[in-house]
Amino acid sequence: MAPSTTKGPGGKKPASAATNLIAGGGAGMMEALACHPLDTIKVRMQLSRRARQPGAKRRGFIATGAEIVKRETPLGLYKGLGAVLTGIVPKMAIRFTSYEWYKQLLANEDGAVSGAGTFLAGLAAGVTEAVAVVTPMEVVKIRLQAQHHSMADPLDVPKYRNAAHAAYTVIREEGFGALYRGVSLTALRQGTNQAANFTAYSYLRTALQEYQGINDLPSWQTSIIGLISGAMGPFSNAPIDTIKTRLQKTPAEPGDTALGRITNIAKDMWKQEGVRSFYKGITPRVARVAPGQAVTFAVYEYLKGVLEKGREMLPGGQYEE
């Protein structure tokens with residue numbers, strides 16, 4: 001595998017923390033707005049218990065989405081979006097900034113990073129974002145997405161009214177630690193996601209740059225390689241994501257340990273629903289994550305290019321953060 005360099009195009013310095021904050025946040029916001037309905041469908045499929053009902057047919061992602069729209073209006077597909085948008089800017093800022101920082105730590109004397117170094121940097125970045133932002137954001141998001149209420153009926157009042165109310169209610173009823181339920185599984189999922197994602201993206205980007213003899217790839221090319229790299233993670237860790245979703249959906253019982261709950265959920269899924277239950281929601285997850293990464297990398301690279309060009313034009317090459 002060709003090594004990826006820590007230097008930017010043309011041998012320039014890596015993007016600054018401010019650039020990663022703005023470009024990463026903007027990219028994440030666009031990705032969330034475009035792909036959130038698929039995430040809601042994925043969560044509903046993962047929480048489904050239809051396999052336990054004798055003679056019940058499995059419901060695919062199109063049928064699941066249609067059922068949500070029919071019962072809860074199209075707005076039902078955007079349940080939990082507030083929680084995602086609240087956390088998306090710090091999540092993406094942490095992801096890209098920490099990834100670049102870890103790459104610097106793993107670079108050799110010439111500033112180059114090996115394929116293994118890129119993998120480890122992505123793994124560490126995924127764990128970092130999971131602990132800092134993703135876990136509490138997903139607990140709130142899943143609680144909102146799991147509610148089967150119609151958003152068109154004002155008399156149908158859900159337990160959790162919005163992201164802020166859901167976070168407050170969870171903390172009040174279950175304690176602050178409930179926001180970090182499933183943190184180990186979330187860290188494992190995010191770590192493997194970003195390790196596969198950044199490794200594939202870095203390799204494909206370097207290969208295209210060398211093949212074409214250019215440093216700045218057009219947006220359509222970064223979209224394609226982002227689409228490919230984004231599909232890697234979901235296929236590698238689908239069982240982890242399904243167990244995590246079920247773990248975060250319900251409150252813990254007194255005396256339960258995290259490992260005990262994870263083990264019980266996995267055993268129950270295997271016994272009651274079979275091995276296929278571990279891959280519930282894989283279709284909408286890939287359909288959501290892969291295009292999401294296409295949008296993320298395309299917008300990120302574009303905004304980074306604009307911001308870094310402005311940085312170079314400042315007098316004396318100075319850049320204020």
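By class, ten charged residues, nine polar and six nonpolar make up the lining of the largest cavity. The model is predicted. The structure contains two cavities of 30 Å³ or more, and the largest of them has a volume of about 340 Å³.

**Largest cavity**

- The lining of the largest cavity comprises 25 residues.
- Lys91, Arg189, Gln190, Arg288 and Val289 are the lining residues that lie nearest the centre of the largest cavity.
- Six helices each supply at least two residues of this lining: α1 (17-47), α3 (81-106), α4 (115-145), α6 (183-212), α7 (219-249) and α9 (282-313).

**Second largest pocket**

- The second largest pocket holds about 770 Å³ of space.
- Its lining is formed by 33 residues, and those nearest the centre of the pocket are Arg44, Leu47, Ser48, Arg49 and Arg246.
- At least two lining residues of the second largest pocket come from each of α1, α2 (61-72), α7 and α8 (258-273).
- Helix α8 gives the most to the lining of the second largest pocket, with six residues.
- The lining of the second largest pocket divides into 18 charged, nine nonpolar and six polar residues.

**Largest nonpolar core**

- The largest nonpolar core has 19 residues, of which Phe96, Tyr99, Phe198, Phe297 and Tyr300 touch the most other members.
- Helices α1, α3, α4, α6 and α9 each contribute at least two residues to this core.
- The most is given to this core by α3, with seven residues.

**Helix α1**

- Of the 31 residues of α1, 22 are buried, and the helix is mostly covered.
- The end C-alpha atoms of α1 are only 38 Å apart, whereas a straight helix would reach 45 Å at 1.5 Å a residue.
- A kink of about 60 degrees lies in α1 at Cys35, shortly before the proline Pro37.

Note on methods: Residues numbered from 1 in each chain as written. Predicted model: local features only at pLDDT ≥ 70, side-chain atom pairs only at ≥ 80, totals over all residues. Heavy atoms only, no water. 1 Å grid on protein atoms, 1.4 Å probe; cavity = no way out; pocket = protein on both sides within 12 Å on 5 of 7 lines; lining within 4 Å. Points joined across faces, edges and corners; volume = space filled by probe spheres on them. Helix = DSSP H or I, 4+ residues; strand = E, 2+ residues; numbered from the N terminus. Nonpolar A, V, L, I, M, F, W, Y, C, P; charged D, E, K, R; others polar. Expected span 1.5 Å × (residues − 1). Bend = angle between axes of the 7 residues up to and from the residue. Buried < 20%, exposed > 50% of the residue type's maximum accessible area, 1.4 Å probe, protein only. Core = buried A, V, L, I, M, F, W, Y, C linked by side-chain atoms within 4.5 Å.
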